[in-house]
Amino acid sequence: MAATRSRTVRFHEYGEPSDVLRQEWCEVPDPGEGQVRIRVAAVGLNPADWEVCRGFQAGQLPRGIGFDVAGTVDSVGDAVEGVAVGDRVLGTADVTGQASGGLADIAILREWFPRPDGLDEAHAATLPMVVKTAVWTLDAMGVESGTTLLVHGAGGMVGFAAVQVALRRGARVIATAGPSLAGQLEEFGAQVTPYGEGMPARVRALAGGDVDLVLDTPRPSPGTMTGLIALAGGVPSRVVTISNHDEARELGARVNLDLLLASGAFPDSGVVGDYAELAAKGEFRLPIAATFPLGGWREAVATSVAGAPHGKLVLLPQEDAPAVREETGR
């Protein structure tokens, strides 16, 4: 087996992504026990990438970014079954303790699923983190058939996914979103209203009163939590946020990460494979706002950090991959 040289985007100190990230060459090792290594075809960016750059779950440096990837297996570690060199997969890259994360030509995966026919690599790379976050948060909230759920910030990708997941469960979904994605949300079956002044009154008009539960998904937006609690009948625990952590805790609303930690166990990630199958059949989707070659990573990072790209941003390393990759024996 041979370790492989790869372009990667990573950081050697913590700070703002635009300040600390840099593209360089690194050696990606053979996969360890329970891991596979892939040639990366696509990597989807997430807000979590920027929190890692800023020091969230700090660990060994240098460190890569890019959790969500799709590509082709080129090496299989010990104690791995059901996957072989040449298989097409999507999954979650290891960004801790490895030379590269997913934003690279080569990546080590800590979990993976077959990429079904009908699902291209770019759309496959939009799925893992968004699907897992949406599904386990709705699980923790107890969203089920007959629930009236407000998804605040459904133009963001977790909110966009949560609308679809909740509707599949038989919930009634009211969504706040801007005009760019409102039409798609309505096609799914959600009732959609704009953000901004008068939003609570519009939501009550659609719901016929208060809602049962609220999922708050926008990037941090101080000052919104009080109004969302009021829409949930004034009961703070009926509101769960993925982003407005401090305000939620102060007011008694819930934070999805807190719910996960309190559970004592990570939820089953097999839902990613399930939703990949649905996406391949056109029964679930996440929009792609733009794609970039790996060399366009600075523009992609700036667009993501600025917020509201109106869809996923995906990098395609093979579009500008070097003609020859170095390999070194071990």
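How many bridges join strand S12 (residues 239-241) to S13, and do the two run parallel or antiparallel? In this predicted model, two bridges join S12 to S13, and the strands run parallel; within this pairing, Val-240 has Arg-254 of S13 as its bridge partner.

These two strands belong to an open sheet of six strands, in the order S10-S9-S8-S11-S12-S13, in which the pairing is parallel. Strand S10 (191-193) and strand S13 (254-255) form the edges, each of them pairing on one side only.

| Helix | Strands touched | Angle with the direction of S9 |
|---|---|---|
| H5 (residues 157-168) | S8 (148-152), S9 (172-176), S11 (213-216) | about 165 degrees |
| H7 (residues 199-207) | S8, S9, S10 | about 160 degrees |

A further strand, S15 (residues 312-316), is mostly covered, five of its five residues being buried. In a regular strand the side chains alternate between the two faces of the sheet. In S15 both faces are covered, with Lys-312, Val-314 and Leu-316 buried on one side and Leu-313 and Leu-315 buried on the other.

Strand S15 pairs in the antiparallel sense with strand S3 (residues 36-44) over two bridges, and here Gly-44 stands opposite Val-314. With strand S14 (residues 288-293), by contrast, S15 pairs in the parallel sense over five bridges, and Ile-288 stands opposite Lys-312 of S15. Between S14 and S15 the chain passes through helix H12 (residues 297-306), making a β-α-β crossover that is right-handed.

Technical notes: Residues numbered from 1 in each chain as written. Predicted model: local features only at pLDDT ≥ 70, side-chain atom pairs only at ≥ 80, totals over all residues. Heavy atoms only, no water. Pairing = 2+ DSSP bridges. Helix = DSSP H or I, 4+ residues; strand = E, 2+ residues; numbered from the N terminus. Contact = heavy atoms within 4.5 Å. Axes fitted to C-alpha atoms, helices over the stretch in contact; angles between N-to-C directions. Buried < 20%, exposed > 50% of the residue type's maximum accessible area, 1.4 Å probe, protein only. Right-handed = clockwise from strand over helix to strand, strands pointing away.
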